[in-house]
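Subject: Structure for you to look at

Hello,

Please find the structure below, with the sequence. My notes on it follow, and I would be glad if you read them with the structure open.

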Amino acid sequence: MKSDLLKFTQKGIYCEAADVYIDPWKPVPRALITHGHADHSRWGSKAYLATDIAAPVIKYRLGDINMETVKFGEERKINGVKFSFHPAGHILGSAQIRVEYKGEIWVASGDYKLEDDGLAKPFEPVRCHTFITESTFGLPVYDWKPQEEIFAAINAWWRQNAADGKITFITGYSLGKAQRILRGLDTSIGNIYTHGAVENINEVIRSQGVSLPDTTRITRETDKKLFPGNLILAPPSALNAAWMKKFKPVSIGIASGWMTLRGPRRRKAADRGFALSDHVDWKDLNKAIAMTEATRVIVTHGYSSIFSKYLNEKGIQASIENTEYEGELAEVNENAEENKVDQSTGE
Amino acid sequence: MKNFANLFTRLDQTTKTLVKVAALVEYFEKVDDVDRLWAMGILSHRRPKRTVKTSLLREWAAEIAKVPLWLFEDSYRIVGDLAETIALVLPPPVKALDHSLAYWIEEIKSLGGLTDEEKKERVLNAWSGLTRDERFLYNKLITGGFRVGVSQKLMMRALSQYSGQEESAIAHRLMGNWTPDNTTYADLILAENPLDDISKPYPFYLAYAVDGSPESLGDPAEWQIERKWDGIRGQVIVRGGELFVWSRGEELVTDKFPEYHPLATLLPDGTVLDGEILPFADGKPLSFNVLQTRIGRKNVTKKILESAPVSLMVYDILEFAGEDIRKKSMAVRRQILVDLITNLPPNDIILLSETLEFDTWEAAAAERENSRLHLSEGFMLKRKNSEYQIGRKKGDWWKWKVDPLTIDAVMIYAQQGSGRRANLYTDYTFAVWDDDKLVPFTKAYSGLTDAEFRQITSWVRKNTLERFGPVRSVKPAHVFEIAFEGINKSTRHKSGVALRFPRMLRWRKDKPIKEANTLEDLQGMLAVYG
């Protein structure tokens, strides 16, 4: 049996033929990065390669790193192995990485979703032999409603809060989810205030020429009396922080795929949960895999054992590899990594 | 069903009691008497009988959702709620069936006599015409286990606001054996005299735990001090020559305790006693474990009566000679109780809970340390001039329990919780050392904060050794202080012991696993307290 083009090692997904890693979780000489979320782009590697659209945020988060960029679809040859980045639709600039060597094609998809959110370049199916996929929401109970419906619910909730003189406090990942929410908000209802961690990312993204609604960064000087009737956008970690105690009276909402289920919704003790996710739901996960025409699938994070069993039953050869990716898990479980980022950049 | 689904969503979306009460009142105003009564019934756990087996519901749901049954079952295990899992996996509705709550309940009840094929047709029809939220409720009505986050108290407050009646009157009317099938809203809430129903118990008065020492309660002489018995709280009613025994869970358990049946003639008519259903033989209480073998059994056999005999340890009287005397002081009630019990013909059914006198709280504390020897959980402190109140109230009644037994143990298995705790590893199995082997001896799943559960969940994910279905064995690394109320010999557990009310008292991050307790330590506790 010939050896796999991509291997799962202690440090990350490794391409031996080119001596590069994809989304490594330990420092390596050369890292190819799918997107800027903390569990996929980590500090400490000698050289980075990412798309030109993803790069600004990665640089902002990792500081002074040695990074090269490529455009979507542009081919890079390393030791005779062909690499190219293709839209994953997860967040702005997020990519699947296509690897081709001696006629064999693998795709490491990072995180992805099929619904066009207007920010990320929509997911582009890439035909391959082996497809590496997440399965964050790889259960048939996860079935997203169209985002228009979710945003209508969020805006209706905001409108009601404004009528009641309350502050609307909504959480979503600083990178990606926050900007997606921003673009879905009805700015005629009121003003939008942001947590420092969100606003820092907003600034990076605006500087790339992406238009976002006007927002005001909350600082110590911001007058508390301005908040009622308006909306505050913050990362999930802010929910447990002393920072949010000054916002009263408040109605709290969480935007996350996990909010599909009553258990997590109730556990968070938020007033509202909105099932809005940047990952594929069950139907799109299966659709994406079908579109790649892959005959072999490697499932990384999420409900990997259940989902790979399902694929095997359907006749697609599937296996599980353990990684340190967390998908959207951090959004309910307050992943330490994301907290660190928020605290270091937050107010 | 739309109104009810809307109510449910509103209740589910808030943790604030004011908002919940407002939503309930609004619902009560909006719907008719029949729907209102059913909503009250459902919120007080009075559901129609189950007419469809859940195994059939699972099969049908998997079939309609076009997923293999095992995948449905795995999803169910993760969601933690069958009604919710079904509601989520089904394809979107293709039509809108707009009917009242009562209509759907009658529909579900009428499934009872049908064949499985006929049931399937009716259930599938309902699924195809209800929204996701409505489906969830429809499924809940079939499967039961409604947990809405609305306490009886909240519902009573809302009903009181809606009907204009006193909350305590509502509480009284809602107790007892009614179901939406055998009464009407008018009879239950609006009828003239609730005592018409002679079985009706009074709401129990419940005590809070003493916070620290009882010094702040003042002179011990102002307090009636009794042992706290380790049985089942019960209320015994003799009215109209009939006997009714209620457990604290508002369950009528008269039939489960035939020992008490002579009380119907032994006690004068119009008597209501508050006491403990206590396993008892040869002049002393038995371990609660003995009683546990009796609870939950449908038939009380002769064998059970012999192996788990009970007496009634009485400590209060709420009704005497047909008069509600709850407003009289504890001291007066106590005197009435003593007179009544001491003048009864000799019997081995009723025991009077003795009172203890102490000059100081230190003296009381010293005697309290002997509680386990009396198979009691500590002391009850009742202010002598207190009324018998409704529900859990601070001030006049306190329980002053002995400190729990504790042992330091190593976590070796973890399992995900369900419902509110789905997606979190919250159920753990603990072990103690037997030489260099870890022997599991108990499970526990409460006592930690949500933040600690999250921390452990993330640790479990990274430190799993093996998976057995939903259970993961983990690297022995964490020590927890386990508290429990009692210890008994067990033939079912490998360790040979069974604990009562085990829970996690503290996460001993300071302790290496080598310093956890041993099986020998457990056996030592068994010898003293078992």
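In chain B, of the contacts between residues at least 6 apart in sequence, 71% join residues at least 24 apart. Please keep in mind throughout that this is a predicted model.

To stay with chain B for the moment: its secondary structure amounts to 19 helices and 23 strands. The radius of gyration of chain B is 26 Å, close to the 24 Å that the globule rule gives for 530 residues, so chain B is as compact as a globular protein of that length. The C-alpha trace of chain B spans about 75 × 70 × 45 Å along its principal axes. Of the 530 residues in chain B, 37% are buried.

The domain assignment gives domain 1 of chain A as 7-141 + 278-331 and domain 2 as 147-274. Between the C-alpha centres of these two domains of chain A there are 29 Å. Where they meet, 18 residues of domain 1 of chain A are in contact with 19 residues of domain 2 of chain A. On the domain 1 side of chain A, helix α1 (residues 55-62) supplies the largest share of the residues that touch domain 2, namely three. Sorted by class, that side of domain 1 of chain A has nine nonpolar, four polar and five charged residues.

Next, a sheet in chain A. This is an open sheet of seven strands in the order β7-β8-β9-β10-β11-β18-β19 (chain A), and the pairing is mixed. Its edges are formed by β7 (75-78) and β19 (317-320) of chain A, each of which pairs on one side only. On average, neighbouring strands of the sheet are turned by 25 degrees against each other, direction ignored.

Within this sheet I looked at one pair of strands in particular. Strand β10 (residues 104-108) of chain A and strand β11 (residues 130-135) of chain A run parallel and are joined by three bridges. Opposite A:Trp106 stands A:Thr130, in β11(A).

Which strands does helix α6 of chain A lie across? Helix α6 (residues 282-292) of chain A lies across β10, β11 and β18 (296-302) of chain A. The helix runs at about 170 degrees to β11(A).

Regards

Technical notes. Residues numbered from 1 in each chain as written. Chains lettered and ligands numbered in written order. Predicted model: local features only at pLDDT ≥ 70, side-chain atom pairs only at ≥ 80, totals over all residues. Domains from an automatic or database assignment. Contact = placed C-beta atoms within 7 Å. Helix = DSSP H or I, 4+ residues; strand = E, 2+ residues; numbered from the N terminus. Nonpolar A, V, L, I, M, F, W, Y, C, P; charged D, E, K, R; others polar. Rg over C-alpha atoms; globule rule 2.2 N^0.38 Å. Buried ≥ 20, exposed ≤ 12 C-beta atoms within 10 Å, placed from the backbone. Pairing = 2+ DSSP bridges. Axes fitted to C-alpha atoms, helices over the stretch in contact; angles between N-to-C directions.
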